[in-house]
Amino acid sequence: MTNEIKYEEILNNYILIDVRSPKEYLEAHISNAINFPILTDEEREHVGDVYKNESSEKAKQLAVKYGSKKLFNFFNEFISLCGKDKNIVLYCARGGMRSGVLTSIIDSLGYRVFKLEGGYKAYRNFIVNSIPKVNEDVKYIVLHGKTGVGKTLMLNKLKKRECDVLDFEKGANHRGSALGSIGLGKCNSQKHFETFIYENLRLRKSNFVFVESESKRVGNSFIPDSIEKSMKNGYHILIELPMEERIKILKEEYLGFYDVNNEIKESILNLENHLGKKLIVNLLKLLDEKNYEKLIEILNLQYYDPLYEKSIKQYEYSLKICASSVEEAMIYVIEFYNKIIK
């Protein structure tokens, strides 16, 4: 009988192997798991079609046919990675055929191996149920400020100082604004986002966690209700920087990639209902001329700043910082942090 183990029972000395298809793995996976797919994306889709349109037996036969061709390479990779002295856990979508068959084969060859009970679905349920628990004692320090004041820069600097940080935008792979996807590619899934949140909170060194003020939605992801509520009850810091400094920060952040003009153009066009056709034409002209400083200034004044003015008024602030640079603002943030942790 296949050895099964629950995710809660897995300790640090276990190696997790995800045997799902590459597409399933990329959408979301257990933290630190390695992908050894037994079916390609195309094969998995074919097996699914046969299951729906013909029968489960034919689908199983097809899956065995596809999977058997990979067993030799799978086993070689397994041996090179794991050896006999490691605890191995295999998982698929629901702890069914893919992980079950492979676990039985490897176990019969004398290796210490387990199948994750319930597969990724069980892990997903664990994450959803655990986020409110791991969030219970957290006191958030929320950084507020208009676009370009360097909130993400500050989170990175705070992390280097070994402060606890939860960077929602990193977890979502999106900056949380109308132009937030520029240079970043595809947004992460909600599943990936919540795994990111759970792992960051689980591994925190203290109960004081820095975050950036965000709306409920960041890219394609939504901040869990329990965390959003805790953030509202946290410490709030408002940061103000001069416009020229904000322009400099945004230029470095958004234009530090490959040529992103086409992405910027598409994002600007999507703002026509908010800004009007005349201003959009002007912005596109500035983009063509590569007059990024003026383009950023107008976007801040005409679009971003009015939005932030509304959200900024919602909070009572423990600290308001008016600085000339991110470095100067950081001095005040660290002073505040040192006071509250004492």
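This is a predicted model: local features need pLDDT of at least 70, side-chain atom pairs count only at pLDDT 80 or more; totals for chains, interfaces and linings use all residues.
Let's start with the largest pocket, and with α2 in particular. This helix supplies 7 residues to the pocket's lining, the largest share. The pocket itself has a volume of about 1,100 Å³, and 35 residues line it. If you want to find its centre, look for Glu24, Arg44, Ala93, Arg94 and Arg98, which lie nearest to that point. Besides α2 (41-53), the elements that each give two or more residues to this lining are α1 (22-27), α3 (56-68), α5 (97-108), α6 (119-134) and α9 (190-202).

For α2 and α3, the angle is about 160° and the axes are 7 Å apart. Angles over 145 degrees count as roughly antiparallel, so α2 and α3 are roughly antiparallel to each other. The crossing of α2 past α3 is right-handed. On the α2 side, Glu43, His46, Val47, Val50 and Tyr51 make the contact, and they meet Ser56, Lys58, Ala59, Leu62, Ala63 and Tyr66 of α3. Sorted by class, this contact has 7 nonpolar residues, along with 2 polar and 2 charged ones.

Now on to the second largest pocket, which holds about 620 Å³ of space. Its lining is made of 29 residues, and Gly176, Ser213, Glu214, Ser215 and Lys216 are the ones nearest its centre. Here β6 (139-144), α10 (225-232) and α15 (292-312) are the elements that give two or more residues. The biggest contributor is α15, with 7 residues. This lining divides into 11 nonpolar, 11 polar and 7 charged residues.

Helix α15 turns up again at our last stop. The structure holds 1 cavity of 30 Å³ or more, and the largest cavity has a volume of about 190 Å³. It is lined by 13 residues, with Leu179, Leu250, Tyr254, Ile296 and Leu299 closest to its centre. What classes of residue make up the lining of the largest cavity? There are 11 nonpolar and 2 polar residues, and no charged ones.

How values were computed:
Residues are numbered from 1 along each chain as its sequence is written. Side-chain values use heavy atoms; hydrogens and water are left out. On a 1 Å grid over the protein atoms alone, a cavity is a set of points where a 1.4 Å probe fits but cannot get out, and a pocket is an open set with protein on both sides within 12 Å along at least five of seven lines; lining residues have an atom within 4 Å of a point. Grid points are joined across faces, edges and corners, and a volume is the space filled by probe spheres set on the points. Helices (H or I, at least four residues) and strands (E, at least two) are DSSP runs, numbered from the N terminus. Ala, Val, Leu, Ile, Met, Phe, Trp, Tyr, Cys and Pro count as nonpolar, Asp, Glu, Lys and Arg as charged, and the others, Gly among them, as polar. Axes are lines fitted to C-alpha atoms, for helices over the stretch in contact, and angles run from 0 to 180 degrees between N-to-C directions. Angles under 35 degrees count as roughly parallel, over 145 as roughly antiparallel, 65 to 115 as roughly perpendicular and the rest as oblique. A crossing is left-handed if the near helix is turned anticlockwise from the far one by less than a right angle, and right-handed if clockwise. Contact means heavy atoms within 4.5 Å.
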